[in-house]
Amino acid sequence: MPTVSERVKTVTAKILKLDPKDISDTADFVRDLGAESLQSIELVAAFEEEFGIEMNEDEALQVKTIDKAVSFISKVMAAQGKA
Amino acid sequence: MRLCIFEDDTFDNLYPLTYLRPMFELKCGHTSLGQKLVRTFPGLPPAYFVRKSIAPTFAKRTGSPVNDSSMLTGDSVLLANGRWLCLGTDVKAEGPDEVGLCNGEVIYVRASRQTAAQCDGSNVFQFIETAKSKLPKKEVKATLIGYPWHLVNHNGEAIEADFKALGKRGIEGTFSQHAAVWGDEGSVYVAKGAEVQPFVCLDTTHGPVIIDEGAKINPHTRIEGPCAIGKDTLILGGKMRAETAIGPVCRVGGEVEASIIHGYSNKYHDGFLGHAYVGEWVNLGALTTNSDLKNDYTQVQVHIKGKLMDSHDTKVGSFIGDHTKTSIGTYFNSGTVVGIMCNVMGSGGVLPKFLPCFSWFFNNRFSRGYGFKALLDTARTAMGRRKKALSPEDLALLEYVHHITRDEREELIKKSRRELLR
């Protein structure tokens with residue numbers, strides 16, 4: 001069973017058209033991975049779909065890095081009983 | 001005697017145009033359906049009956065009573081259907097008690113004070129039902145607006161009727177000596193403070209042209225009557241073709257044909273808009289274009305209440321809800337319905353024929369975008385630029401519409417998300 005971190009990287013790679021191996025734990029979505037504003041919206045949507053959760057758009061779009069996304073998503077999953 | 005204008009229960013056939021306003025506030029011609037009723041029965045103080053959700057915002061806009069049932073029974077009353085496109089009628093305010101019907105639909109109820117007092121005045125629908133059971137019925141000829149394309153189809157004749165009712169002709173504003181009227185000069189009215197700049201042609205060979213107060217028509221504009229340019233509207237060059245009503249406070253360029261732009265909306269750049277109705281606070285990006293005719297000349301289907309419906313018409317454009325924005329190069333198919341507060345980004349192809357309220361559409365997928373709060377922030381910014389603001393009542397109504405449209409929006413967003421990870 002892949003970890004939350006692995007799943008976050010897989011989804012990120014798919015949306016941003018990258019190789020998951022090139023995504024580090026601390027990679028910044030915009031600075032390091034080149035996410036544009038519309039791709040950020042797609043990332044939020046894709047994480048919601050992947051994890052079966054609903055995230056607050058404002059809060060989700062404040063998350064800047066892979067590791068922070070992992071902890072944010074884990075927190076939302078726990079709160080929504082999806083952990 | 002009072003004039004009571006009521007909204008019947010078919011308001012949702014006119015979505016997305018009626019999410020934020022009653023049916024009789026929709027424009028057909030230079031004025032709204034309600035304004036036409038009020039001028040047809042002059043001297044009668046109006047009162048209005050609308051659905052509960054829009055009553056607070058509408059009450060703020062009108063100085064007249066709204067949903068006050070005492071208006072039904074305290075005096076003699078002429079109760080008029082707000083969908084009635086009244087461009088001249090034999091119906092008089094004074095006359096015998098009766099219910100006027102057209103194909104089974106109530107056009108008006110005329111009741112003396114005594115008769116009105118005997119009707120159930122607990123709400124307008126009860127009042128109509130008791131009036132129907134007590135009063136003689138008379139079949140009358142009338143036009144009732146049923147669907148959005150009806151407003152567009154009657155727009156030309158409505159502009160002509162508005163021009164006649166206005167009773168004004170000639171140039172009260174500025175008309176450049178290098179501008180021209182092609183056709184009857186008596187079919188032009190340029191109001192006080194309006195400005196027709198050089199190299200503008202007003203073509204009245206097929207109908208009148210109204211240019212209302214404070215409107216400015218920039219050079220290289222051709223306006224073909226019947227056409228009405230509303231107060232403080234700026235036309236930035238291009239072809240304003242017959243049966244078009246724009247304004248107030250719009251900025252429009254490019255090519256517009258047989259369309260209604262409700263007010264406070266912009267289509268600043270080139271691009272074609274035909275047989276369309278555009279709500280308030282809409283911004284159409286450069287080269288936004290709608291089709292209004294299918295390549296095989298067959299009748300256009302329109303998304304009404306969750307289903308595609310045959311308009312029985314071959315010329316049907318798009319119906320765009322309030323506060324919606326489109327990107328550069330957005331292409332709408334014939335009969336497209338776009339909800340309120342959408343953010344639409346064209347990606348080269350023709351877009352879906354239905355875009356639910358508050359949705360974003362980009363990369364050929366639906367999304368919540370930055371969410372409801374961000375859409376409200378954008379609306380506040382756009383309105384602030386015209387010195388207007390969202391009131392607490394407006395906000396409550398938008399929240400309500402966001403709630404009632406949630407299921408249809410989420411269904412499409414979910415479909416898009418599945419495609420995203422496929």
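Analyst: Happy to, and keep in mind that this is a predicted model.

User: Which residue is the bridge partner of Ile320(B) in S31(B)?
Analyst: That's Val338(B).

User: And what sheet do those strands belong to, in what order?
Analyst: An open sheet of ten strands in chain B, with parallel pairing. The order runs S7-S10-S13-S16-S18-S20-S23-S28-S31-S33.

User: Which strands are at the edges?
Analyst: Strand S7 (170-171) and strand S33 (354-355) of chain B, each of which pairs on one side only. There is also a helix packing on this sheet, namely H7 (residues 155-166) of chain B.

User: Which strands does H7 of chain B touch?
Analyst: Helix H7 touches S10 (188-190), S13 (209-211), S16 (227-229), S18 (244-246) and S20 (260-263), again in chain B. Its direction makes about 65° with that of S13(B).

User: Nice. Switching topic: how much area do chain A and chain B bury between them?
Analyst: About 1600 Å², with 58% of it on carbon and sulfur atoms. The contact draws on 16 residues from chain A and 17 residues from chain B.

User: How many salt bridges are there between chain A and chain B?
Analyst: Six. One of the pairs is Glu48(A) with Arg417(B), where the closest N and O atoms are 2.5 Å apart.

User: Which helices of chain A supply its side of the contact?
Analyst: Helix H1 (4-16), helix H2 (37-51) and helix H3 (57-60) of chain A each give at least two residues to the side that touches chain B. The largest share is from H2(A), with nine residues. Sorted by class, that side of chain A has seven nonpolar, one polar and eight charged residues.

User: What about salt bridges over all chains, how many?
Analyst: The structure has 32. Among them is Arg7(A) with Glu50(A), the closest N and O atoms being 2.9 Å apart. Arg7(A) sits in helix H1 of chain A and Glu50(A) in helix H2 of chain A, so this pair ties together parts that are 43 residues apart in sequence.

User: Back to chain B. How do S26 and S27 of chain B run, parallel or antiparallel?
Analyst: Antiparallel: strand S26 (residues 301-304) and strand S27 (residues 307-310) of chain B are joined by four bridges. For example, Gln301(B) has Asp310(B) as its bridge partner in S27(B). The hairpin of S26(B) and S27(B) has two residues between the strands, and Lys305(B) there takes a positive phi near 50°.

User: Where else is there a positive phi in a residue other than glycine?
Analyst: Asp232(B) is one, with phi near 55°. You'll find Asp232(B) in the loop between S16 and strand S17 (234-240) of chain B. As background, most residues other than glycine have a negative phi, and most peptide bonds are trans.

User: Speaking of peptide bonds, which ones are cis?
Analyst: I can point you to two prolines in chain B. The bond from Tyr15(B) to Pro16(B) is cis with omega near 10°, and Pro16(B) lies in the loop between strand S1 (2-6) and helix H1 (33-40) of chain B. The bond from Gly247(B) to Pro248(B) is also cis, with omega near 15°. Pro248(B) is in the loop between S18 and strand S19 (251-257) of chain B.

Note on methods
Residues are numbered from 1 along each chain as its sequence is written. Chains are lettered from A and ligands numbered from 1 in the order in which they are written. This is a predicted model: local features need pLDDT of at least 70, side-chain atom pairs count only at pLDDT 80 or more; totals for chains, interfaces and linings use all residues. Side-chain values use heavy atoms; hydrogens and water are left out. Two strands pair if DSSP finds at least two bridges between them. Contact means heavy atoms within 4.5 Å. Axes are lines fitted to C-alpha atoms, for helices over the stretch in contact, and angles run from 0 to 180 degrees between N-to-C directions. Buried area is the accessible area (1.4 Å probe) that two parts lose on being put together, summed over both. A salt bridge is a side-chain nitrogen of Lys or Arg within 4 Å of a carboxyl oxygen of Asp or Glu. Ala, Val, Leu, Ile, Met, Phe, Trp, Tyr, Cys and Pro count as nonpolar, Asp, Glu, Lys and Arg as charged, and the others, Gly among them, as polar.
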